[in-house]
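Welcome, and please take a moment to look over the structure shown here.

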Amino acid sequence: MPPIDSDRQADEQLVRAAQQDAAAAPQLLDELFRRHQRRVGAWALRWCDGRTEDAADLAQEVFLRVQEKLAGFRFESAFTTWLYLVTRTVALNRADAARRRPAVSLEEHELDPEDSAAPADEVASRAQQVALLRAAVVAVLEPLEARVLHLHYTDGLTLPAIDRLLGLDNKSGAKAYLVAAKRKLRRHFEGRGPGARAAAEEEA
Amino acid sequence: MTPRVPPEENPELLALALGRTSECPPLERLAAAALGDLTEAERAALLAHAERCPACGAEVALAAGFAEPGGVDDAEVERVVERLRAAGPGAGRVLAFPAPRAAGARSAAPVWARWAAAALVVLGVGFLWQASRTALPPEITGPGTIDVVRGGEIEVEAPVGEVNGVPGALSWRPVAGAALYRVELLDVAGDPLGGGETVATRFELDPALAGRLRERARYAWRVSALDASGRELARSAVVEISILPVSK
């Protein structure tokens, strides 16, 4: 990271000054963005699994959105926290858009198109399956294993990107945690007998 | 008949089971805890929850990486920064501070952004141009920027009103006791286009549903909260959205 100027204004002071002085705003915002370019760029690189062009693309979009939204910043958090939330939202939205492209498959299992119109009893059944699986995750997995599963299945991140984002430096990285987690869950359901497994497997 | 898939091998079920729940604290609080933006007592309580919650634990880990960059080569970071300085805001170019958009007004890119986009085309920096055409996200949520739609029993966060491009997801505030949320997307006549269920307070539009949405068109959506028996606990107002083209 670049050296910090001890005389510099806090980020929030810069934002406030920019909001109050239109003439000075361009230079103030330029300084604000320069301070955070490396932070956003580094996080984007990890999110994009080291692909420089994708990371630059993502970081560029983050600053575009910050530019659009900054007038509404209400100083209810540190600027860095707000900037992170913008960065995260842009990254997730780009991942959503990428998943919507037809060239990208929907992982191993296609969603059931009838799910969107499931009647109430099937909704209840699905909710029970989800609750059973969540309880198993909390009961038998290490926190790091559960986080890897979340980032992969809920956020849709690739395993190499998870390696970088979580700083995993073990030999097989996130894949090792994913395999271990699934093995533990399988044993958990098998250990609770065929009835429990059938309940968790039941298709809505 | 659909073959039965073990729960630990079912991506859809895993995505739901590992998602955020109504018990989870707001994302902005988790990020603030990870980035040292809270008192020690507040931070400890949030981190205690994150330790046993897959979604919140992951959020804290991602945010912590924003505070202490690592795992990437300095030279790679410098290449990203050079790209930003060459082509984007914060590049040493004079920036304009955008005035807040008037309610109901059509969105318009800041003047500098239009100039920058045109310059990028001229310079042949295609990857940035392509991104601005295809990937401008819907409304950003974050501290100080969340606009909640009230009027129903569930407060809706985003998207609301005008959005740039087809939104990737819908989000709302949690409802106490909710086991599942049911989301419906409607056309301008109020007829359902599709939807689904989630345990989280965010619903990602699948490709089939997103593919039915068009730019320059109006739609609406609503969400209802169900308890574990499938009984409806609460519902949101019907929220209108207008999808603007991502580029002119």
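Ala158(B) has Ser171(B) as its bridge partner in E3(B). Strand E3 of chain B covers residues 169-172, and E1(B) pairs with it in the antiparallel sense over two bridges. Strands here are DSSP runs of E with at least two residues, and helices are runs of H or I with at least four, numbered from the N terminus. Two strands count as paired if DSSP finds at least two bridges between them.

This pair belongs to an open antiparallel sheet of three strands, in the order E1-E3-E6 (chain B). At its edges are strand E1 (156-158) and strand E6 (202-204) of chain B, each pairing on one side only. On average, neighbouring strands of this sheet are turned by 25° against each other, direction ignored. Axes are lines fitted to C-alpha atoms, for helices over the stretch in contact, and angles run from 0 to 180 degrees between N-to-C directions.

## How to read this model

The model is predicted: local features need pLDDT of at least 70 and side-chain atom pairs count only at pLDDT 80 or more, while totals for chains, interfaces and linings use all residues. Residues are numbered from 1 along each chain as its sequence is written, chains are lettered from A and ligands numbered from 1 in the order in which they are written, and side-chain values use heavy atoms, leaving out hydrogens and water.

Next comes strand E4 of chain B, residues 180-186, where five of the seven residues are buried. Buried means under 20% relative accessible area, exposed means over 50%, and partly exposed lies in between (1.4 Å probe, protein chains only).

E4(B) pairs with strand E7 (residues 217-226) of chain B in the antiparallel sense, over seven bridges. There, Val183(B) stands opposite Val223(B). E4(B) also runs antiparallel to strand E5 (residues 192-198) of chain B, joined to it by six bridges. In E5(B), Gly195(B) is the bridge partner of Glu184(B).

## Chain A, built from helices

Chain A has nine helices and zero strands. Of its 204 residues, 53% are buried. Among its contacts between residues at least 6 apart in sequence, 64% join residues at least 24 apart; contact means heavy atoms within 4.5 Å.

Helix H6 (residues 143-154) and helix H8 (residues 174-191) of chain A pack at an angle of about 105°, their axes 9 Å apart. H6(A) is therefore roughly perpendicular to H8(A). Angles of 65 to 115 degrees count as roughly perpendicular, under 35 as roughly parallel, over 145 as roughly antiparallel, and the rest as oblique. Residues making this contact include Leu144(A) and Glu145(A) of H6(A), and Tyr177(A) and Lys184(A) of H8(A).

## A closer look at Lys184

Lys184(A), in helix H8 of chain A, is partly exposed at 28% relative accessible area. Not counting residues up to four places away in sequence, Lys184(A) touches Val140(A), Leu141(A), Glu142(A) and Glu145(A). Val140(A) is 44 residues from Lys184(A) in sequence, yet their C-alpha atoms are 6.7 Å apart in space.
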